[in-house]
Amino acid sequence: MHKAWKKGEKVKLTLGLFLLGCMFVSTICASIAMNNYSYFLVSALILAYMGLYMKIANNRLKVFRSFKYVVIFGGVYFYGIYPFQQWMMEMPVLSYFTGAALIGTAGIDPQQYTRLIGSTYNPNFSVALLLLGLSFLFADCLKSLEKGTYTKLSIQLGAVCMFSHAILLTGSKAGFVTMLIIFVFFLLKWNKWISVALITLMLLNIPLITNLMPRSDELLVSAEIRKEIWRNSINLWQGHSLFGVTPIGFYEGYYYRFSEHVPHAHNMIIGFFTEYGALGGIALLMVLFINGYKIVYLALSVKNNKIYLDHFLLSLPVIFLTGIFDYVLYSPQVAIMIVTLLACWDQYTAKVSLTSINLVQIKTKVMNLSFFKSKKTANERLGKSE
């Protein structure tokens, strides 16, 4: 950012910069309005996100390839240290170094940490990285199936099983549901008929799937707790509706009003409105809507030379799906990954605008689906036989 300012370079306004800019302005205004200048620390953190975003957006898309492998390696690391997790927590310095515990915490009880934590000190944050890695692996599997490289595919499927088991070990219910949805998306890209059959079986066996869900016995209790946190967070936002209370102010304000130690809103949309006010919340909704449009447009596009499209189509929903039942962006460890992914996505879709939709292309794509294609082929054969 300093280089761009010093050299007088023009910075193109993208969706990512728009969102980060609104968040930055809201934290500045909230700090002044609430007369608490410690909240400027959040503004500094957002500036760091903006610098990272600009650095990636101004480079070639090859950054995404490196990012993909870093995320996958991170998931393998999480899975590899899990058997030693409780042992490491008996030695605070080692647990701080490996990331199994948050630096500065005291009184760690290893018996309470039976869920996979990895290096994010929180299983709900760990599952976000694991889901991103799983989505990248599924996209690589699609590429291997297309090219017919089955040896490579077998290695990738082995990694998929590892990541799936790791997600189960985190004990995250939202992670389990998101994993199933990503798996359905993968099948939709590979074979539409198999995906339809799987969705039908899943709908017919919802009780069985619920029993397979980690900590399913706590589902109703967790739902009630989430509902209460969401309601209290909305009440907190109403007192500071325009600029919010910032992430630091949320913890303090929630404890002051409701006498409970709750660090975040456990919902991405409610969390943005509460922490960054209407300014940040509306900006988030705009970004979600426009990016949703881009995803649908590119998914239905006739062009086939779309490198990394499957990686984005499978990974971007992870942000929204995990954000509905939790607020993983609260952690800078997760936020840095999402900022990187968003920067790569904005660079990838730089030429896609809201006016670039082509209804003829979408109609052609829909008509080329396996059902219509097979029906058309059968009719052509019938015509030839006549």
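Visitor: Is Thr 246 buried or exposed?

Guide: This is a predicted model. In it, Thr 246 is buried, with a relative accessible area of 0%. The residue is found in helix 13, residues 246–258.

Visitor: What is the phi of Thr 246?

Guide: Start with the general idea: most residues other than glycine have a negative phi. Thr 246 is not a glycine, yet its phi is positive, about 65°.

Visitor: Where is His 266 placed, and what is its phi?

Guide: His 266 lies in the loop between helix 13 and helix 14 (268–300). Its phi is near 60°, again a positive value in a residue other than glycine. His 266 is buried, as its relative accessible area of 13% is under the 20% cut-off. A positive phi also occurs at Asn 35, which follows helix 2 and has a value near 55°.

Visitor: How should I read the length of helix 2?

Guide: Compare an expected span with the distance between the ends. Helix 2 (residues 15–33) has 19 residues, so at 1.5 Å a residue it should span 27 Å. The end C-alpha atoms are 27 Å apart, which agrees.

Visitor: Which residues of helix 2 are buried, and what covers them?

Guide: The buried residues include Leu 15, Leu 19, Met 23, Ser 26 and Ala 30. Their cover includes helix 3 (40–57), helix 13, helix 14 and helix 16 (332–348).

Visitor: How do I read a nonpolar core?

Guide: In soluble globular proteins, nonpolar side chains tend to be buried together. Here the largest nonpolar core has 80 residues, and Phe 64, Phe 272, Phe 312 and Leu 341 have the most contacts inside it. Helix 7 (residues 123–147) gives the largest share of this core, 14 residues. A second, separate core has 8 residues, including Ile 229, Leu 236, Val 245 and Ile 270.

Visitor: Which residues does Phe 272 touch?

Guide: Leaving out residues up to four places away in sequence, Phe 272 touches Leu 19 and Met 23, as well as Gly 277, Gly 280, Gly 281, Leu 284, Tyr 327 and Leu 329. Leu 19 and Met 23 are among the buried residues of helix 2.

Visitor: How many cavities of 30 Å³ or more are found?

Guide: A search of the whole structure finds 1. The largest cavity has a volume of about 40 Å³. Its lining is made up of Asn 124, Val 127, Ser 172, Ala 174, Gly 175, Thr 322, Asp 326 and Val 328. Helix 7 and helix 9 (173–190) are the elements that give two or more residues to that lining. By class, the lining has 3 nonpolar, 4 polar and 1 charged residues.

Key:
Residues are numbered from 1 along each chain as its sequence is written. This is a predicted model: local features need pLDDT of at least 70, side-chain atom pairs count only at pLDDT 80 or more; totals for chains, interfaces and linings use all residues. Side-chain values use heavy atoms; hydrogens and water are left out. A nonpolar core is a set of buried Ala, Val, Leu, Ile, Met, Phe, Trp, Tyr and Cys residues joined through side-chain atoms within 4.5 Å. Buried means under 20% relative accessible area, exposed over 50%, partly exposed in between (1.4 Å probe, protein chains only). Helices (H or I, at least four residues) and strands (E, at least two) are DSSP runs, numbered from the N terminus. Contact means heavy atoms within 4.5 Å. On a 1 Å grid over the protein atoms alone, a cavity is a set of points where a 1.4 Å probe fits but cannot get out, and a pocket is an open set with protein on both sides within 12 Å along at least five of seven lines; lining residues have an atom within 4 Å of a point. Grid points are joined across faces, edges and corners, and a volume is the space filled by probe spheres set on the points. Ala, Val, Leu, Ile, Met, Phe, Trp, Tyr, Cys and Pro count as nonpolar, Asp, Glu, Lys and Arg as charged, and the others, Gly among them, as polar. The expected span of a helix is 1.5 Å times one less than its number of residues.
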